[in-house]
Amino acid sequence: MNPMSSYHLSFNIGYPNAYDRAKHYTGSEIMIHGECVSIGCFAMGNDNIEEIWTLMVSAFEKGQEVISLQVFPFRMTDQNLKSHPQSTLKEFWANLWEGYNFFENRKIPPVVTVKDGKYCFK
């Protein structure tokens with residue numbers, strides 16, 4: 001968490017994660033932050049980042065050690081998945097859809113691991 005962010009408040013999303021490292025993707029410091037501008041991060045606006053920040057601080061103060069965060073390229077619905085029939089990302093999106101559905105059906109974040117270059121959700 002970065003309370004001294006140039007974009008009001010910010011926190012790092014943990015990129016690259018285990019999946020990204022397994023794929024040899026590189027990068028760092030992808031943040032969720034305030035303000036309404038960004039070059040590669042997730043800009044939430046100041047009011048929204050303050051609400052997110054307050055919830056995170058409260059969770060940590062009550063003993064929670066990590067915040068689970070899932071990021072999807074779009075709302076993972078049949079219609080949205082079918083609207084990109086030629087995409088080279090279809091297999092990746094299908095894998096993400098498993099995690100999306102896990103949360104939608106159970107209303108709890110899955111434990112996410114990586115095996116054989118794919119996300120596993122339990």
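Guide: Strands β4 and β5 form a hairpin with two residues between them, and D116 in the turn has a positive phi of about 55 degrees. This is a predicted model, in which local features need pLDDT of at least 70 and side-chain atom pairs count only at pLDDT 80 or more, while totals for chains, interfaces and linings use all residues. Residues are numbered from 1 along each chain as its sequence is written, and side-chain values use heavy atoms, with hydrogens and water left out.

Visitor: In which sense do strand β4 and strand β5 pair, and over how many bridges?

Guide: Strands are DSSP runs (E, at least two residues) numbered from the N terminus, and two of them pair if DSSP finds at least two bridges between them. Here β4 (residues 112-115) and β5 (residues 118-121) pair in the antiparallel sense over four bridges, and V114 has Y119 in β5 as its bridge partner.

Visitor: Is S10 buried or exposed?

Guide: Buried means under 20% relative accessible area, exposed over 50%, and partly exposed in between (1.4 Å probe, protein chains only). S10, found in strand β1 (residues 10-12), is buried, because its relative accessible area is 2%. Leaving aside neighbours within four places in sequence, its contacts (heavy atoms within 4.5 Å) include M31, I32, H33 and W53.

Visitor: How does F42 compare with those cut-offs?

Guide: F42, placed in strand β3 (residues 42-43), is partly exposed, because its relative accessible area is 31%.
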